[in-house]
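Welcome, and please open your viewer. We will go from stop to stop, selecting a few residues each time and looking at what is there.

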Amino acid sequence: MKKAYEYYREELSNIKNAGTYKEERVITTPQSKKISTTKMNNVVNMCANNYLGLSDNKELIEASKSALDRWGYGLSSVRFICGTQQVHKDLEKKVSEFLGMDDTILFSSCFDANGGLFEVALNDQDVVISDELNHASIIDGVRLCKAKRMRYKNNDMADLREKLEEAKKTARIIMIATDGVFSMDGIIADLKSICDLADEYGALVMVDDSHASGFVGSHGRGTAEHCGVMGRVDIITGTFGKALGGASGGFISARQEIVDLLRQKARPYLFSNAMAPAVTASSIKALELLNESTALRDTLEENTKYFRNLLKENNFDIIDSTHPIVPIMLYDERVAAEMASRMLEKGVYVISFTYPVVPKGKARIRTQVSAAHTKEDLKFVVDCFKEVREEMGIK
C-alpha cells in the first residue's frame with residue numbers, strides 16, 4: 001500500500017516539472033467583476049463564468065434568502081422519495097418555457113446531467129457521434145453507455161456526414177452530441193448544419209449549452225436561438241452555475257418521452273439529493289429577470305465586441321468568435337503560467353490553461369467578459385496584458 005504513495009508523489013512531481021501544476025487561488029470576497037484574494041485585493045476578475053454579472057445580484061440573493069425561510073435548507077433526499085418541492089417543478093417549467101422545450105429535469109450539476117443522459121437514451125444497438133472537442137462531462141457520459149462511439153472533427157460537417165453514413169448501416173438510434181459553445185475556444189457550434197444533417201439521417205441532436213444559456217441568441221435562449229434552430233434540437237443540457245446566477249445545479253430539457261424516461265432511469269437523478277431550495281428559487285429569479293429584459297445580454301455583447309477589438313488592435317493572438325470567452329493564445333505552458341502570475345500583480349485575475357485541460361502546445365489564458373465589466377475595466381486589462389508582454393519579451 002505504501003508503495004502507491006511513491007507513485008503518487010512521482011506523478012505530482014512530473015506535473016510540477018512540466019509546468020502544468022494547478023494552484024487554487026483563494027477569494028476573500030463574493031464573486032463579482034472585482035474581487036479580492038489572499039494575495040491581492042480589488043483585482044479585475046476576467047476568468048469567471050459570471051457572464052451576466054448575476055453572481056452577486058441583490059434580487060437573486062433576496063430570492064435565495066426568502067426560499068430558506070419558506071422551503072428550508074435542504075431536502076435530505078432524492079427526488080422520487082421525498083426530495084421534490086413545488087419550487088423544483090416551478091423551475092423545470094420556467095426552463096422549459098425559456099428554451100421552448102417539452103419538459104425539463106433537474107440535476108445537481110450539468111456534469112451529472114450529461115453523466116446520466118446517454119446510458120438511458122442509448123444502448124448497444126445505437127451509435128453516438130460526438131464532436132472531438134466536447135466537454136469532459138459529455139465524454140464521460142458517453143463512456144457510461146453501451147452505444148458504439150464515433151468522433152468527428154471539431155465543427156467539421158463533412159466529417160460528421162461520413163460518420164453518419166457509416167452509422168446508418170447498423171444503428172437503431174443515432175445521436176449527434178455537441179457543445180453549443182466549445183468552452184476552451186469560445187467557438188459556437190454550427191447547429192444549423194448539424195440539424196440539417198440530423199434531419200437527413202434521422203438522428204437525434206444533443207447540445208450542451210452551459211456556456212450559452214441566458215446570453216447567446218437575441219433573447220439569451222442559447223445556441224439554438226443564435227443558429228435559428230429552436231425546436232429542432234432534441235436535447236439541451238445546461239447549468240445554473242454559470243450565467244444563470246453562478247451557484248450550482250444543472251438540467252436536461254428535451255422531448256417529453258426523453259425526460260419521462262430520465263426520471264425513471266437516470267442514475268445521478270435517482271441517487272443524488274435534489275437541488276437546494278435556495279438555489280432553485282434564485283435560478284427561477286434569474287430566468288424571470290432575463291424574460292423581463294435583454295439589457296444584460298445586450299451589454300455583454302457590446303463589452304465582448306469592445307474587448308475583442310481592443311485585443312486585435314494590439315496584436316494579441318486570439319481565437320476568432322463573437323463569444324465572451326476570449327482565449328489569448330501563448331502555446332507554451334510556462335509562459336502562460338508566468339503571465340497569469342504577473343497579471344495578478346498588476347491587478348487582473350486570470351488563470352493559465354494548460355494540459356490536460358487543453359492539448360499540449362495549446363496553452364493559453366482564457367479571459368471571460370461579463371456584463372458587469374465597464375469599458376474602463378476592459379481597457380485596463382488589455383493595458384496590463386501589453387505591459388506584461390513587453391516585460392516578458394513576448395513577440
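At roughly what angle do the axes of helix H14 and H15 cross? Select residues 333–346 for H14 and residues 375–392 for H15. Their axes come within 10 Å and cross at roughly 125°. Helices here are DSSP runs (H or I, at least four residues), numbered from the N terminus. Axes are lines fitted to C-alpha atoms over the stretch in contact, and angles run from 0 to 180 degrees between N-to-C directions. H14 and H15 are therefore oblique to each other; angles under 35 degrees count as roughly parallel, over 145 as roughly antiparallel, 65 to 115 as roughly perpendicular and the rest as oblique. The crossing of H14 and H15 is right-handed, that is, the near helix is turned clockwise from the far one by less than a right angle.

Before the next stop, a word on the model: it is predicted, local features need pLDDT of at least 70, side-chain atom pairs count only at pLDDT 80 or more, and totals for chains, interfaces and linings use all residues. Residues are numbered from 1 along each chain as its sequence is written, and side-chain values use heavy atoms, with hydrogens and water left out.

Now select helix H2 (residues 58–71) and helix H12 (residues 277–292). They pack at an angle of about 140°, and their axes are 8 Å apart. This pair is therefore oblique as well, and the crossing of H2 and H12 is right-handed.

**Charged pairs**

Next, turn on the side chains. Side chains of opposite charge can pair when their charged atoms come close. A salt bridge here is a side-chain nitrogen of Lys or Arg within 4 Å of a carboxyl oxygen of Asp or Glu, and the count comes to 29 salt bridges.

Stay on H15 and pick Lys386 and Asp383, which lie three residues apart, about one turn of the helix. Their side chains meet in a salt bridge at 3.9 Å, N to O. Lys386 is partly exposed, with a relative accessible area of 31%, and Asp383 is partly exposed at 24%. On this scale buried means under 20% relative accessible area, exposed over 50% and partly exposed in between (1.4 Å probe, protein chains only).

Move to Glu92 and Arg79, whose side chains form a salt bridge at 3.1 Å, N to O. Glu92 lies in helix H4 (residues 86–99) and Arg79 in helix H3 (residues 79–82), so the pair ties together parts that are 13 residues apart in sequence. Are these two buried or exposed? Glu92 is buried at 1% relative accessibility, and Arg79 is buried at 7%.

**Rings**

Go to helix H1 (residues 2–17) and select Tyr5 and Tyr8, three residues apart, about one turn of the helix. They form an edge-to-face aromatic pair, 5.6 Å centre to centre with 85° between the planes. Rings of Phe, Tyr and Trp (its six-membered ring) pair if their centres lie within 6.5 Å; planes under 30 degrees apart count as stacked, over 60 as edge-to-face and the rest as tilted. The model has five aromatic pairs by this rule.

Finally, select Lys16 and Tyr21: Lys16 lies over the face of Tyr21, at 4.8 Å from the ring centre. A charge sits over a ring if NZ of Lys or CZ of Arg is within 6 Å of the ring centre and within 35 degrees of the ring normal.

Key: Helices (H or I, at least four residues) and strands (E, at least two) are DSSP runs, numbered from the N terminus.
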